[in-house]
Amino acid sequence: MQRYNILWADDEIDLLKPHILFLNDRGYDITPVTSGADAIEACEKTHFDVVFLDENMPGMTGLETLNYIKGSRPSLPVVMITKSEEESIMEEAIGSKIADYLIKPLNPSQILLSVKKILDNRRLVTERTNSQYQQDFRNISMAFGDDLDHHEWIEIYKKLVFWELEIDKTEDKSMSEILDMQKSEANANFADFIVNNYEDWLNDPNIERPLLSHNLMKTKVFPQLSDEPLFFIVIDNLRYDQWKILAEDIAPYFNVEEEDAYYSILPTTTAYARNAIFSGELPLEMSKKHPDLWVSDADDDGKNNNEDKFIGRQLKKQRLDIRFSYNKIIHAQQGKQLNDNFNNLLRNDLNVIVYNFVDMLSHARTDMRMIRELASDESAYRSLTKSWFQHSPLFDLLRLISGKNGKVIITTDHGTYRVKKPYKIVGDKNVNTNLRYKHGRNLGHKETRDVYTVHEPELLHLPKANISTSYVFACEDTFFAYPNNYNHYVNHYKDTFQHGGISLEEVIIPIISLNSKRS
């Protein structure tokens, strides 16, 4: 067992002998000193794991000593100990970034708890997390054998995300490989579930179906319209695990009124899924009812240039005579300009804001070696997303909304998946370029469990360029590669984040309702 060194500064240190012996017996070595000056000198000569510092010492006070120690050893944990319960002393100590604050008289258990919380926290968290996941592993695996419905699949995915984030906080990450295997098994079973049920969800009015992209605004957004402005924020490509880490920063400003998930339509891409959100229609209906707005994969025009018009037409269809705004933020400067215009947004009933950064990040990771190094795995990818958000105009906007007691709905159009397994497919020059789904004439590929082949696209409410058009969707960690220049293609795209196919990460995505804590 590792022994830790503790410096304890107190002018009545002799009276603390029983506490020191108590800690000695439990593996902690204590160096006692009787003044702030002695504590500073000891810290300069010796490495300590933690410092206990009495606040009320003659000569140099505990707070003065704390400032000296933090000046030279900023990462050294310091526990302030005092007889005083004055709020001003507590606030000054906390503001100086102490690790803990204890009030005399002390008891041994209180001291031991503080030490363990500081020094053994990560080890104890690791042991507890690994033990609990091992217990839940069996429950999750057994559930795959059941006939799960769409609600239960959401719960399975939320559990997997929970354990992924918890294991991410542990020291040795020993359970990561087991979790990755379980996620793989989950995605294989989830793909079967989608293949067996998706067509019925779109065509059978008598079966229960999940909330899908084209019903999102009607079900989750329009009912929230009121006298106060509503902000509907769509962060392109935001997965459920990414939302959970952003939620930590949002928590001081908003209460979560509802944290739910819905299912993206296929293909899980911006052109199809986000247009479905804003139009309230499935792709086939969009192409027929709005030929002036719908842009197919074969066209060179931007696939999402008409989102504001789709929103306007959906509002008219729902007979909602309201004032709305639409803004798409691609660059930070656009976000800052939107925030500068914030007071004007408050005049609208509905403000729809699309943020494209996370989608840009996934594409940049594919094309730029430096970004791939920075986001080398799932954990780093989440960390990079969190870092962007903390310094983004979007976070500034949310704080502005909170300050005005605003209401916010945050969602996305689809998630993204880290692909690893190439899958050969042959097509002509008119086949679309997406790596997770293909459509065109005479697509050549093996029909295996790794793909979902749709020979009659109209059954999935998908448009087709000609009578022989079919769609193929990649399942699990598969991505499509052409036989020509195959090795170069595989090396470039393997281990990149892609979307358009079928996986828990791409299909099951967050929809969050927030109320300002100032309300």
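**Contacts and overall build**

I started with contacts, taken as heavy atoms within 4.5 Å. Of the contacts in the protein chain with a separation of 6 or more, 73% come from residues 24 or more positions apart. I have to keep in mind that this is a predicted model, where local features need pLDDT of at least 70, side-chain atom pairs count only at pLDDT 80 or more, and totals for chains, interfaces and linings use all residues. Residues are numbered from 1 along each chain as its sequence is written, and side-chain values use heavy atoms, with hydrogens and water left out.

I then looked up the secondary structure and got 21 helices and 18 strands. Helices (H or I, at least four residues) and strands (E, at least two) are DSSP runs, numbered from the N terminus. The C-alpha trace spans about 90 × 50 × 45 Å along its principal axes. Of the 519 residues, 53% are buried. The cut-offs are under 20% relative accessible area for buried, over 50% for exposed and partly exposed in between, with a 1.4 Å probe and protein chains only.

For the axes, lines are fitted to C-alpha atoms, for helices over the stretch in contact, and angles run from 0 to 180 degrees between N-to-C directions. Angles under 35 degrees count as roughly parallel, over 145 as roughly antiparallel, 65 to 115 as roughly perpendicular and the rest as oblique.

On the α18 side I found W388, F389 and Q390, and they meet L394, F395 and L398 of α19. My classes: Ala, Val, Leu, Ile, Met, Phe, Trp, Tyr, Cys and Pro are nonpolar, Asp, Glu, Lys and Arg are charged, and the others, Gly among them, are polar.

I zoomed in on L394, which sits in α19. Is L394 buried or exposed? L394 is buried, since its relative accessible area is 1%. Not counting residues up to four places away in sequence, L394 touches I233, I235, Y355, W388 and F389. I also checked N339, 55 residues from L394 along the chain, and the two C-alpha atoms are separated by 8.6 Å.

**Helix pair α5 and α6**

For a second pair I took α5 (residues 108-119) and α6 (residues 121-143), which pack at an angle of about 80 degrees with their axes 5 Å apart. α5 and α6 are therefore roughly perpendicular to each other. K116, K117 and L119 of α5 make the contact with N121, R123 and L124 of α6. By class I get two nonpolar, one polar and three charged residues here.

**H461, a loop residue**

I located H461 in the loop between β14 (451-454) and β15 (469-474). H461 counts as buried because its relative accessibility is 14%. Leaving aside neighbours within four places in sequence, H461 is in contact with L202, N203, L282, P283, L284 and E285.

Last, I ran through the voids. On a 1 Å grid over the protein atoms alone, a cavity is a set of points where a 1.4 Å probe fits but cannot get out, a pocket is an open set with protein on both sides within 12 Å along at least five of seven lines, and lining residues have an atom within 4 Å of a point.

How many cavities of 30 Å³ or more does the structure hold? I counted two. The largest cavity has about 70 Å³ of space, and its lining includes Y157, K183, D241 and E505. Helix α7 (residues 150-168) gives the most to that lining, with four residues. The lining divides into four nonpolar, no polar and six charged.

The second largest pocket has about 460 Å³ of space. Of its 19 lining residues, the closest to the centre are E164, D180, K183, E378 and R418. α8 gives the most to this lining, with six residues. I noted twelve charged, four polar and three nonpolar residues there.

Conventions. Points joined across faces, edges and corners; volume = space filled by probe spheres on them.
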